[in-house]
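Dear colleague,

I am passing on the structure below, together with my notes on what turned up in it. Please read the notes with the coordinates open beside you.

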Amino acid sequence: MSLSPITSTFKRKNFLQTPHSGYHWDGSDRRFFEGWYFRVTLPEHRQSFAFMYSIDDPAGGTANVGGCAQILGANEQYFCRTFPNVKTFWADSQSLALGHWGKVNASANNSNNYIKPRYLNPEEFNATLAEGYQVTATWHQGKLQDPRTKQWCCWEYQIQPVYGWGDDTRGQLSTGGILSFLPIFEPGWQVLMAHGLATGWISWNNQRYEFNHVPAYSEKNWGGSFPSKWFWIHCNSFNKYPDLALTAAGGKRQALWWLESVAAIGIHYQNKFYEFAPWNAEVSWEVAPWGYWWMTATNDYYSVELEGMTNQSGTLVRVPTVDGLQFRCRDTTQGDLRLRLWEKNSPNSPPILQANSSLAGLETGGEPWQETWRSPVSAVSRQQEAIGY
């Protein structure tokens, strides 16, 4: 299978680059992390692969300094590889492009020419690196080994972006709104690609998965602190709706000197973006510590309801904290999800969209919480409004 990191499709659709696509570190020595999440869903195998990359305190000199690659793989198995040397991490400040070099091949190491960490064409990457990864908006490649289990994971796939975060009418938008450009909220959050199509292969536990035009997704976060509490819902592999993509999240985040609880829902479908955010909608939720996610939202034109469930135990993954990466997040990529969308001016009509999936990403995280988390707005009243009462 011949693949190229830059496709003519992406060149034609370059407008899909979202705000905040570039690396945010300003070179200072303040507490800082940046993290990226890339997911491919393989409906034929009923599996997903989620790649999570992070860099902590890139200026160095702290106990938290370093990079990490985590993978939530087939059957929700967990893989983790750390990169203590931040000087072998590279990222572009203007566009989505990053990588971290681990072990360099002996032949490249013996070369008289020092190779500065940067993007390499796929053949050069394989010849130069024994371990590492690199990713752009249209290409993702890597090979890593868990030194404890000796398990290898290798992958190469091309990405054709379909939806960023927005549509032709409004252009590409900041997921966190216009204020996300100011140092007000921690952390920042941006959906980079709500939906794309991936073609390539992943080798996992000695099994090779080859795929062609399967759902792909990417997002990122950055800053000096992570939410003390959050939840997340994602799916772009719905039954009978290959063009539908959903991302929703809520969290208790730092805003200057106070904490606030906020949530948002974004839907891309048939070249249209349905946005429900704090600045244009009322959003409410009821989320259990694990197992149940419910959200509803209403803006001037539409109402939406989401319901996610799982009876799986989920998998713990590491997230940034003030003390570095910690297991404070639980994920599943095989959650059940129902989505319903109505026109607000036709409350008694059937939903304009009803969709289901059993391959949804569901997550809760932060400091341990024992009770169902209910939004400040009455969830009951919001549910009644969503179903047309």
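Predicted model: local features only at pLDDT ≥ 70, side-chain atom pairs only at ≥ 80, totals over all residues.

An open sheet is formed by 11 strands in the order S4-S3-S2-S1-S14-S13-S9-S8-S7-S6-S5, with antiparallel pairing; strands here are DSSP runs of E with at least two residues, helices are runs of H or I with at least four residues, and both are numbered from the N terminus. Two strands are taken to pair if DSSP finds at least two bridges between them. The edges of the sheet are strand S4 (78–83) and strand S5 (89–91), each of which pairs on one side only. On average, neighbouring strands of this sheet are turned by 20° against each other, direction ignored, where the axes are lines fitted to C-alpha atoms (for helices, over the stretch in contact) and angles run from 0 to 180 degrees between N-to-C directions.

Residues are numbered from 1 along each chain as its sequence is written, and side-chain values use heavy atoms, with hydrogens and water left out.

For the chain as a whole, the secondary structure comes to 4 helices and 25 strands. Of the 389 residues in the chain, 58% are buried, meaning under 20% relative accessible area, with exposed meaning over 50% and partly exposed in between (1.4 Å probe, protein chains only). Among contacts (heavy atoms within 4.5 Å) between residues at least 6 apart in sequence, 61% join residues at least 24 apart. The chain exposes about 17,100 Å², of which carbon and sulfur atoms supply 48%.

Within the sheet, Cys 68 lies in strand S3 (residues 66–72) and counts as buried at 1% relative accessibility. Leaving aside residues up to four places away in sequence, Cys 68 touches Met 52, Tyr 53, Ser 54, Cys 80, Arg 81, Thr 82, Phe 83 and Leu 325. The C-alpha atoms of Cys 68 and Arg 81 are separated by 5.8 Å, although these residues are 13 residues apart along the chain. Thr 136, found in strand S7 (residues 132–136), is also buried, at 11% relative accessibility, and its side chain reaches the backbone nitrogen of Thr 138 at 3.1 Å.

A search of the whole structure finds 0 disulfides, a disulfide being a pair of cysteine sulfur atoms within 2.5 Å. Cys 153 is in no disulfide, and the nearest cysteine sulfur, that of Cys 154, is 6.6 Å away. Cys 153 is buried with a relative accessible area of 0%, and Cys 235 is likewise buried at 0%.

Strand S24 (residues 353–366) is mostly covered, since 11 of its 14 residues are buried. Strand S15 (residues 229–235) pairs with S24 in the antiparallel sense over 6 bridges, with Lys 229 opposite Gly 366 in S24. Strand S23 (residues 324–343) also runs antiparallel to S24 and is joined to it by 10 bridges; there, Arg 330 stands opposite Thr 364 in S24.

With best regards

Note on methods. Polar contact = N/O pair within 3.5 Å; in protein donor to acceptor, adjacent residues only side chain to side chain. Areas by Shrake-Rupley, 256 points an atom, 1.4 Å probe, with all protein chains shown as cover.
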